[in-house]
Protein chains: 2
Amino acid sequence: MKPTLQTVADAVGVSRSTVSNAYSRPDQLSPQLRETILEAAARLGYTGPHPAARSLRKGQVGAIGVLFSAELSYAFTDPYAVQFLRGLAETAERHNTGLLLIPLLSDGEAAAQAVQNAVVDGFCAYCVPAWHASYDAALARNLPMVIAEWHANADPGTRVVGIDDMAAARTAARHLTALGHRRIAVIAHWIGPVQHSGPITLARPEDAPHHVTRERLIGYRDAFAEVGVDWSEVTTISSIHNSREEGAAVAAHLLDRAPRPTAILAAADLLALGVLDALETRGLQAGRDISVVGFDDIPEAAAARLTTIRQPALDKGRIAGELLLDAERAERQVVLPTELMVRASTGPNNEAGRS
Amino acid sequence: MKPTLQTVADAVGVSRSTVSNAYSRPDQLSPQLRETILEAAARLGYTGPHPAARSLRKGQVGAIGVLFSAELSYAFTDPYAVQFLRGLAETAERHNTGLLLIPLLSDGEAAAQAVQNAVVDGFCAYCVPAWHASYDAALARNLPMVIAEWHANADPGTRVVGIDDMAAARTAARHLTALGHRRIAVIAHWIGPVQHSGPITLARPEDAPHHVTRERLIGYRDAFAEVGVDWSEVTTISSIHNSREEGAAVAAHLLDRAPRPTAILAAADLLALGVLDALETRGLQAGRDISVVGFDDIPEAAAARLTTIRQPALDKGRIAGELLLDAERAERQVVLPTELMVRASTGPNNEAGRS
DNA sequence: TCCAGAATCTGGATCGATACAGAAGGGTGA
DNA sequence: TCACCCTTCTGTATCGATCCAGATTCTGGA
């Protein structure tokens, strides 16, 4: 049988408490006794206090749970998500805390179970749809929890870090309208009530289920309204995953039928890069034939000369961690700045004079 | 105070066991009683069994610990590591298991602590140096553990998945010697006994402390020997981190002094890509002026037209997970295939006739 | 009507540690 | 010499669940 504290205590002839102290509070016993105990422990094959038992008693674990928007295996394909995670890891590391990546299974029951069973001190939700079982399950755990997306009217008690998605999206869209574009299409992740890949009609952006997508669509809509383009005239395309491949695939819906939009707004860089791929396949030039704007400014965006909105992914992760772990960090809500990065993928509308 | 099983039991007027069964073994009580219990639980704000307590009693957690070679925040910068993690996550997800990323702190004491306290069912070590405190601590935990690097003479009981690094490296080096290169330099991560960035002398590759690096250096050395180039003639450069930036930085030691090597072997693609950057800065052309070979075949390698060794990172992760979680998977040691991908970064030695 | 067997439910033992109050022994200053 | 404090160690209570053997009730067939 596996040795326990008691085993060692018996072997040395001291009490269980003393052995415990040898590990957790060395100042509570004489150095030579401690030495004896550790020696005996090594001899018996005792490897230190059982983590689960210790966590139970101390009411503290040393790990935080991370909830992702997609299956774990997808999370790592998105450079933006990886950056975020990196920032989070940086803070966690400083606090000697582990990160428990929790699979966000599509099976609600199992997902809730996974969250319920997570042995953690707190949660960090990264783009988890509010209706997802995991989200409720995490809230229900009643542990400290930080949400990595900005909510304008979040309860002042909840920890939130993010950007003003709506304003940033508005900036992106205004960039296009200022260039004279009016026939603009929008590609975003998960626009409608169900996951769907392809064109979709959404009467009001406010109805999009995914928080971040919703905010960005509203920003786009408002910018369009400023120049008299009604939302109903805008073609909206939904994607299931946030991937380059799918960006290219759904772009076909826009590029292979007339009239083509003169500009495309993608609510994520990966989708935008996919659109650029689709353009290249068709011999079209971004910025001249069709303007494309992304969102996030992942490293690849600069290489592809994609106009996009920069948001500080690394800082977001870092701060999310601090909001959970830095006890002295009093504030609970942090908004980070964004910036429009104008690159070669956007240019004036060439049809401007004609129509 | 936080409600427990007992709280709910008292409220409903049943025993603690029955409430426990309501959650964990629904078939052990009548549906209507279960309903009543869950209702009461919701009313009282009871959120289900306490994970630490449950883990303690059941002796099972539902998470595996992942040990990385570098600080967590660096791990995510290496696409190869990310791919591996993705594969691992895929398997974990299928088994409804979480991944606990454990910071591999440089402070040995703290690192060992982190491993000791990890509430997990097993460990997966990814390129953890064998001398690192975390490694011993993980072994000491006496839990199932898989090592994600191939060891030719590993104990048959230990779970191992990897590639034949030595043979693959030999193939990479032979490619260069076959092209007529003789003045070849080697860049690798952590060659000497201490972390160091820059040229370093290593009498025998066998002395390199890092297992993977050691294997690859031996492979290089053996291929050189086949054409009469002695290891002592080879310039070896060590890097601290496995990053593109550092690859470029240490390449300076080779490119800015005469005689320049005609070819460079980098033991990782990120380093090789850094070398390519350094070449470009100096107006040199890879494959013509200097040949460069990498290792790993990360996605960026193809884009940069880097000749390299492909190894299946995703599969490695996936299989590592299966070795831990698939009970019916009897084998314990898996070697994966590698392939030399010849691209534009290598070409014949132009000095061949001259010297 | 009676009883075996299934369906429900109970209670104490247990998982492996830490907290905390207090006991024992040793040292110090008045 | 005595009172007091400090260091070192002990023992019991507790963290919050699950396990398992057994008690109780229900069911259906002889």
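Predicted model: local features only at pLDDT ≥ 70, side-chain atom pairs only at ≥ 80, totals over all residues.
1. Domain layout. Chain A is divided into three parts: domain 1 (5-48), domain 2 (63-163 + 316-336) and domain 3 (165-311). Taken over C-alpha atoms, the centres of domain 1 and domain 2 of chain A are 38 Å apart.

2. Helix 14 of chain A, length. This helix covers residues 313-325, 13 residues in total. From its first C-alpha to its last it reaches 19 Å, close to the 18 Å expected at 1.5 Å a residue.

3. Helix 14 of chain A, burial. Of the 13 residues in helix 14 of chain A, 10 are buried, so the helix is largely enclosed by the rest of the structure. The buried residues include the charged A:Lys316 and A:Glu322, as well as A:Gly317 and A:Gly321. Also among them are A:Leu314, A:Ile319, A:Leu323 and A:Leu324.

4. What covers helix 14 of chain A. The cover over its buried residues includes helix 6 (79-94) and strand 1 (63-67) of chain A. Strand 3 (122-125), strand 4 (145-147), strand 5 (159-163) and strand 12 (333-336) of chain A are also included.

5. Aromatic pairs, chain A. Over all chains the structure holds eight aromatic pairs. In one of them, A:Phe84 and A:Tyr126, the ring centres are 4.6 Å apart and the planes lie at 35°, so the pair is tilted. A:Phe84 belongs to helix 6 of chain A and A:Tyr126 to the loop between strand 3 and helix 8 (133-140), so the pair ties together parts that are 42 residues apart in sequence. A:Phe84 is buried, with a relative accessible area of 0%, and A:Tyr126 is buried at 4%. Ring pairs also bring in A:Tyr80, which forms a cluster with A:Phe84 and A:Tyr126.

6. The pair in chain B. The rings of B:Phe84 and B:Tyr126 have centres 4.6 Å apart and planes at 35°, so this pair is tilted. B:Phe84 lies in helix 6 (residues 79-94) of chain B, and B:Tyr126 in the loop between strand 3 (122-125) and helix 8 (133-140) of chain B, so parts 42 residues apart in sequence are tied together. Both B:Phe84 and B:Tyr126 are buried.

7. Arginine over a ring. In chain A, A:Arg216 lies over the face of A:Phe295, at 3.7 Å from the ring centre. In chain B, B:Arg216 lies over the face of B:Phe295, at 3.6 Å from the ring centre.

Methods
Residues numbered from 1 in each chain as written. Chains lettered and ligands numbered in written order. Heavy atoms only, no water. Helix = DSSP H or I, 4+ residues; strand = E, 2+ residues; numbered from the N terminus. Expected span 1.5 Å × (residues − 1). Buried < 20%, exposed > 50% of the residue type's maximum accessible area, 1.4 Å probe, protein only. Contact = heavy atoms within 4.5 Å. Domains from an automatic or database assignment. Phe/Tyr/Trp six-rings, centres within 6.5 Å; stacked < 30°, edge-to-face > 60°. Lys NZ or Arg CZ within 6 Å of the ring centre and 35° of its normal.
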